[in-house]
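The following exercises are to be worked through with the sequence and the model at hand. Each task is followed by a solution in steps.

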Amino acid sequence: MRPQHDDPEIPDDVTEKDLHRSARNELKTLSKENAEGVARHLAMVARLIDDDPELAHRHAVSASRRAGRIAVVRETLAVTAYRTGDFALALRELRTYRRISGSDEQLPLMVDSERGVGRPERALELGRSVDRATLSAGTQANLAIAMSGARLDLGQPELALSELQIAQLDPAVAYSWSPALFDAYAEVLDELGRDDEAQTWRNRSRVAARALDDEARVDEDETIIVVEEDLELPAHIDTTEVENNQEHRRDADDAEAAENRADDTEEDADGVRPTQD
């Protein structure tokens, strides 16, 4: 039996038209009345997610109970679960969303949820399971941040740095995900004791954030040229360091893969296999 759930109230001024058109289109397989109710709950999630994630999650649960086979509904439930710290539920819902939609665009959140349940090794394995070239630029950036975090969880700061050394780590332009990527890079530099470089990237993060603030509702694929005034910062990344770190990361990945194969062999011998979701 399902646990008791009381639908949270929805203000009268909230209508299905408050939900983004693309999300409303996914609800067309539902009856008109049900689609309207689900849309209003999803609209409430969008309204509340930043200020009251717990209440937003209740609305997402209500939507899921009415339209559990709709990809955007399961995706929304996963995001609200993640925001409330329920990483196990987030991971389960993200797997369902991925199965229904066929999309890998929420892979960064899946990797971070694996970290949240204390499985950084599995997070890395999951992140490596998809060809990153098939992902959008923003998803690639967010995946790099999540993978870097998993490396830090394992006490591998040099590999964490190399995870972030991707094409999107460009201080000359700003996208919606640039400040977070620059801040993540600064955090790892701090871990390595490279304080001056860390401060440089924090400054770049602030410059990018200011540039984005000057543009109303910047699309993810829109480019803004950033001019770094009063900051004598190098506009390039040391490619030698990048190549060395990437080679180090590949060696570590090979070692992890060998260890995983050894673990699998031992599990087979014991007649025990991990649960597959």
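**Exercise 1: A residue of the core**

Task: In this predicted model, identify what Leu164 touches, leaving aside residues up to four places away in sequence.

Solution. Step 1: The residues touched by Leu164 are Ala144, Ile145, Ser148, Leu169, Leu181, Ala184, Tyr185 and Val188.

Step 2: Leu164 belongs to the largest nonpolar core, which has 21 residues. Together with Leu169, Leu181, Phe182, Tyr185, Leu189 and Trp201, Leu164 touches the most other members of that core.

Step 3: At least two residues of this core come from each of helix H8 (137–153), helix H9 (157–164), strand E1 (173–174), helix H10 (178–191) and helix H11 (195–213). H10 gives the largest share, 7 residues.

Step 4: Another core, of 16 residues, lies apart from this one; Leu107, Ala123, Leu143 and Ala146 are among its members.

**Exercise 2: The pair H8 and H10**

Task: Determine how H8 and H10 are oriented to each other, parallel or antiparallel, and which residues meet between them.

Solution. Step 1: The axes of H8 and H10 are 10 Å apart, and the helices pack at an angle of about 20°.

Step 2: Angles under 35 degrees count as roughly parallel, so H8 and H10 are roughly parallel to each other.

Step 3: The crossing in which H8 passes H10 is left-handed.

Step 4: On the H8 side, the residues that meet H10 are Ala141, Ile145, Ser148 and Leu152. Their counterparts in H10 are Ala180, Leu181, Ala184, Glu187, Val188 and Glu191.

**Exercise 3: The pair H4 and H5**

Task: Carry out the analysis for helix H4 (residues 71–83) and helix H5 (residues 87–101).

Solution. Step 1: H4 and H5 pack at an angle of about 160°, and their axes are 8 Å apart.

Step 2: Angles over 145 degrees count as roughly antiparallel; H4 and H5 are therefore roughly antiparallel to each other.

Step 3: H4 and H5 make a left-handed crossing.

Step 4: H4 contributes Ala71, Arg74, Glu75, Leu77, Ala78, Ala81 and Tyr82 to the meeting with H5. From H5 come Phe87, Leu89, Ala90, Glu93, Leu94, Thr96, Tyr97, Ile100 and Ser101.

**Exercise 4: The whole chain**

Task: State how many helices and strands the chain has, and what share of its residues is buried.

Solution. Step 1: The chain holds 12 helices and 2 strands, in the order α-α-α-α-α-α-α-α-α-β-α-α-β-α from the N terminus.

Step 2: Of its 277 residues, 42% are buried.

Step 3: The chain exposes about 15,600 Å², of which carbon and sulfur atoms supply 44%.

Key:
Residues numbered from 1 in each chain as written. Predicted model: local features only at pLDDT ≥ 70, side-chain atom pairs only at ≥ 80, totals over all residues. Heavy atoms only, no water. Core = buried A, V, L, I, M, F, W, Y, C linked by side-chain atoms within 4.5 Å. Buried < 20%, exposed > 50% of the residue type's maximum accessible area, 1.4 Å probe, protein only. Helix = DSSP H or I, 4+ residues; strand = E, 2+ residues; numbered from the N terminus. Contact = heavy atoms within 4.5 Å. Areas by Shrake-Rupley, 256 points an atom, 1.4 Å probe, with all protein chains shown as cover. Axes fitted to C-alpha atoms, helices over the stretch in contact; angles between N-to-C directions. Parallel < 35°, antiparallel > 145°, perpendicular 65-115°, else oblique. Left-handed = near helix turned anticlockwise from the far one by under 90°.
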